[in-house]
Amino acid sequence: MLGYGNRIGFAIPHMESLPESPKTFGDLVKTDPELPVELSAGASPASLAKSSSTPSVSDPRDRFTWANFGIVLSIPLVGGLIGLGVVYLANPLAISWLGSSEAPAFYSNSLWNIPKSISQIQSELKRNQLKLGESFGLKEGETLYTVLETETQNIREIRLYQSVMDRGVEKLLLISTTTISGIDEYFVRSPLLKYITYNPPERLQPNRNRLPLKRLSLLDNSPKDIGGLKNGIWFTTSGNVDGITYGQIYYFAADKRSQLFELDAWNSPAGELPKWRNVLSNNNSSQLVVNQSQEFEPAFLIYQPEEVILNSIRKIQLRQINLNEAKNQPKAYQDALLMASVGLWTPALEKFNFMVTELRSQGKTLPPFIQEQYDLISLHSKITFEQAQNPNSNLGERALINIIDGRWNDALAIANDPSYKGDKIAEMLAKYHPHIWQRVMTMLSFTGAKEIKIWGGLVVLHRNGLRRAEQWLRSQNVDAKDSNQLLQRLDLAPIYLKPQQLLGTVSYIGKGNAGADWFLPPPKLDAGQAWYEVSIDLIKDGDRWRNDPFPELSDRSSILLWRVLGLSLNNNLGVVTYDAYGKSQTATLTAQSLWVSDGGRLKILASGDISLASILNKSVIAPLVTSGGIFDPPKGSSVDWQSLSPKTIEKLIRAMYRELQRNGQVSVSIEDFSLLVQQQWTLSAVNLDGSGKSEYLLLLNREQIDLGDRHYPLAITFANDGSLIFSDMNGGRVWIDVLPSNVDGQILTLRNGRYEMWNFR
C-alpha cells in the first residue's frame, strides 16, 4: 500500500497506513467511461488490471422504489383534478353530479356565472343603482328581463335568463346580456329636419347625444312564420321626446340555442310603435311598418324580415322596401320614382300604371323588386287621395292637401276664391312652403303648367317678398294679369311694425299725371284738386317713435301695407304749416296710393285742394303731415322760481344769458336780466332725457326773443341742477315739441328739412 501511494506521489505525514475504503479508489475519482484506457495518465498496466478486476457496488439512490411509482401516477391525477376545478368554476352545470339537476341549452361562459335567486340578482344590481324591470316569459323556462337605472328608469340592459333547479331550489341562470346605449338624437329627430329652412342647433349633430329608452314591449300580432323565421318573438324598446316615439327592434329566436338579435332603430313622429301589416301584394306574410307621417304628409317605412346565413353564421335582418332605381327600366318608371321621392304619390302611381299597362300589353309582369316599389307608392297614394276627398279641412289645409295629391288646379281655385281673405292660405304657405317648393321644382321638370308656376311664385312671395315673386314669375313666362292679384292678396306674412301714427313732410306734385311708380293705381282727380307727395319721416311703433327707413315695409303687398298703416280705415292726413310768429295753420289731404323703396323709405300719394300749394310755400319750416289722429304733445308742469335753490337759479340765469349774448340779444345787465326772467318767463318741468328725473324747459316766443323769421317758440333746456342741455338758437336742430308717447325722452326736431325723433342720451 505504501509503495502504491509513493508511486503516485502522495506524501501523507504522521500516518503509517491508510484505512480500507468500502469503495475502490476508482469510485472516488471517476474517469470518463468513454476515454480509452491507454490515455489515462499515470496508469500502469498492473493497476489497470487490478481496477478492472474489482467488483462494483450499486448506489441505493439509483434504485426505482414503490414511492417513485406513486409519484409518477399522481401527476396525471393532480392535473385532472385541477382541470375539473377549472371547468367547475367556469361552468358548474357542465358537471352534472356536482351541479344542479337541470342544464340550459345555452349559457354564458362567464367565469362567475352561477345560478342566482331573484333576491340575489336584485341585491347585486342595487349595489350599482340598478334594478330588474319588466319581464317576458319566452319558451319553457326562459325569461327576458330589462335592467333599469333606479333613478331615471332608463333601460341599461336586456337579460335572458333560464330557470334551473339548483339542489331543489329554483334559480335563474344568465344566458346572455344585451347592453342598451340609447338612440342617436339626430336620428330620432331626422324626420322633422326634412323640410326645415334653418340650420339645426349645434348640439343636434350625428353621434353627438343619445336619448334613453324607457320600455320594452312585445310587437302585437307578430306572424308565426316570416321569411323563414318560425316561432320567434318580436320586441321593441321605446322612448319619447317632443311627441316623437323611437326605439330599437329585437328578435328572440326560440330554437336549440336561444338568442336575442338586435335589429334596426326606428322613429315615428306620429308617436306610434311599429306594426305588422300585409302591404306587399306578392308576399303572403306580414311586413313591419313604421309610421313616419307628419300631419298631411304620409310616410311609411316598410321592412321585410329575413334570415340570412353568412360564413356559416346565422343573421336576422330587416330589409327596407326603398325607391332605389332598378336598371334598364322605361322612362315612365324613372319618372314615377322621382315624383314619389318628393311625395307626389298619386302622379307617381299614374306614371307607374302607364308602365304596367305597357308591360301587360307585352305579356310581361313586374319583377318582384319593382312590384314592391309599386305597392309602396300605391299605399301612400291611397292615403293622399282619401285626404283630398275630405272637405272638413280649412281652406289653407285643403289647398295643401290638393297640392300633395298633385291637384294643382283645384288648389289654385281655392286660393283664388274671392269670397275669403286668404289668411289661411298665407298661414299654410308660412308653414309648408318647403313641402310645396320641392313638388313645384320636380313637376316643372315634366310640365310647364301655369298653375304649378303660380304656386312656385307664391312660395317665392313668402320666402323673398313680393318683388322677387313677380320677377320669378316673369322668368317663368307667366303673364302678370294671371298672378298679380293673387300675389297681392296672399302677401299676408306678419309685419311686426305696429304703426299708430305717421309724421312727415309734404311737397306739391301738380294737377296732371301723378307718375307710374305708385303701387296702387291712382284715381282721377276731382275739380280743384292736385297731387301731393308725403314723405314719412317717423312712425309711432306701439309706444315708441322710430325714424325712417322702415325695412320691414319694403317688398310687401300694397294692399297689406295700406291696411297695416291704418289707411284702409282712415286715409285722411293732417297738414300743419307755421308762420314766422309760431302760429300754425291746418289743412287736410287724402291718401290715394303709396310707394316703398327697397331700403324702406315710405311715400304716400295724396290729393288735396290746389290752394294748399301756396300755403305750403309760406311755411317758415317744412309743413308737418300727420296721420292716425291729431298731434298732441304732452304738457309740462309749471315751476315756481322761488322753489329752486339760489345756486340752481344762478346757473339757469347765467346759461340763458350766455346763449343770448352769443346771439347778440342782451342789452341789460345780468342782474336786471335775472329779475326779468323770474318775473316774466315761465319755466316748465318735463322728463326730457328718459332718466326718470324732470328737466327744465324754457319756451320763448318772438315777443320775448326775436331772432328773425324762424320757427317759434325757441327752446332752451336745462338739467335739474341748472346746467344747459340744449338750445336751438343756432338753428342746426330746430326744437318742435316733446313727442306724445309713453316712452320719455323722445323729442320731435327738424334737421336738414326732415323731421326726426331725437333724445339727449
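**Loops, a helix and a hairpin in a predicted model**

Visitor: Between which two elements is the loop that holds aspartate 555?

Guide: This is a predicted model, in which local features need pLDDT of at least 70, side-chain atom pairs count only at pLDDT 80 or more, and totals for chains, interfaces and linings use all residues. Residues are numbered from 1 along each chain as its sequence is written, and side-chain values use heavy atoms, with hydrogens and water left out. Elements are DSSP runs numbered from the N terminus, helices being H or I runs of at least four residues and strands being E runs of at least two. On that basis, the loop that holds aspartate 555 lies between E19 and H16.

Visitor: Is aspartate 555 buried or exposed?

Guide: The backbone of aspartate 555 has a phi near 60°, a positive value in a residue other than glycine. For the side of accessibility, buried stands for under 20% relative accessible area, exposed for over 50%, and partly exposed for what falls in between (1.4 Å probe, protein chains only). Because its relative accessibility is 19%, aspartate 555 counts as buried.

Visitor: Which proline is joined to aspartate 548 by a cis peptide bond?

Guide: The residue in question lies in the loop between strand E19 (544–547) and helix H16 (558–564), and that loop also holds aspartate 555. Omega of the bond is about 5°, and the partner of aspartate 548 is proline 549.

Visitor: What is the relative accessible area of asparagine 221?

Guide: Asparagine 221 sits in the loop between strand E7 (215–218) and strand E8 (225–226). Although asparagine 221 is not a glycine, its phi is positive, at about 55°. Asparagine 221 is exposed because its relative accessible area is 70%.

Visitor: Which residues does threonine 648 touch, not counting those up to four places away in sequence?

Guide: Threonine 648 belongs to helix H18, which covers residues 646–662, and it counts as buried because its relative accessibility is 12%. With contact taken as heavy atoms within 4.5 Å, and with residues up to four places away in sequence set aside, threonine 648 touches Tyr696, Asn720, Asp721 and Gly722.

Visitor: Which residue of E31 is the bridge partner of arginine 751?

Guide: Two strands pair if DSSP finds at least two bridges between them, and strand E30 (residues 747–751) is joined to E31 by five bridges, the two running antiparallel. E30 and E31 form a hairpin with two residues between them, and in the turn asparagine 752 has a positive phi of about 55°. Within E31, the partner of arginine 751 is arginine 754.
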